[in-house]
Amino acid sequence: MTALLISGASDVSWLGRARCDYADRIIFFPEDLPTVERPKATRRAVAICNQCEVAVECRQYADANEIRVGIFGGETGRDRRARWARIRDARRRIGVRACG
């Protein structure tokens, strides 16, 4: 998977320790698979991530580079976008209270 990442983050030294480097890369991008194969691929990828020592760094990489698809650090693109939306909503609420 290392070769698939575009380095936009300042520190990617963790990539060499990523468990996904030894797995079939397509499972980390289930969006590219036929619909019927996506759930199984997603479960496999998340299981690999859940045992990976650099899952936190991987999620941070996806956040820093605003990667909207693919599984990074055990989190799907949908999960990531939902988390980003919750953070945006919380910031707006805080901002409204702070100004009002």
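This is a predicted model: local features need pLDDT of at least 70, side-chain atom pairs count only at pLDDT 80 or more; totals for chains, interfaces and linings use all residues.
**Figure 1. Residues around the largest pocket.** P30, E31, T42, R68, V69, I71, T76, G77, R78 and R81 line the largest pocket in this view. Helix α3, which covers residues 77–99, supplies the largest share of the lining, with 3 residues. If you are wondering how such spaces are found, rolling a probe the size of a water molecule over the atoms shows where empty space is left.

**Figure 2. A salt bridge between E53 and R17.** Here we turn to pairs of charged side chains. Side chains of opposite charge can pair when their charged atoms come close. The model has 5 salt bridges by the rule used here, and one of them joins E53 and R17, with 2.9 Å from N to O. E53 sits in the loop between α1 (38–50) and α2 (55–64), while R17 belongs to the segment before α1, so this pair ties together parts that are 36 residues apart in sequence.

**Figure 3. D63 and R83 link two helices.** This close-up shows the salt bridge between D63 and R83, whose closest N and O atoms are 2.8 Å apart. D63 is part of helix α2 and R83 is part of helix α3, so the contact ties together parts that are 20 residues apart in sequence. Is R83 buried or exposed? R83 counts as buried, because its relative accessibility of 19% is under the 20% cut-off. D63, with 26% relative accessibility, counts as partly exposed.

**Figure 4. R83 also pairs with E75.** Stay with R83 for one more view. A salt bridge joins R83 to E75 as well, and here the closest N and O atoms are 2.8 Å apart. E75 is buried, with a relative accessible area of 10%.

Conventions: Residues are numbered from 1 along each chain as its sequence is written. Side-chain values use heavy atoms; hydrogens and water are left out. On a 1 Å grid over the protein atoms alone, a cavity is a set of points where a 1.4 Å probe fits but cannot get out, and a pocket is an open set with protein on both sides within 12 Å along at least five of seven lines; lining residues have an atom within 4 Å of a point. Helices (H or I, at least four residues) and strands (E, at least two) are DSSP runs, numbered from the N terminus. A salt bridge is a side-chain nitrogen of Lys or Arg within 4 Å of a carboxyl oxygen of Asp or Glu. Buried means under 20% relative accessible area, exposed over 50%, partly exposed in between (1.4 Å probe, protein chains only).
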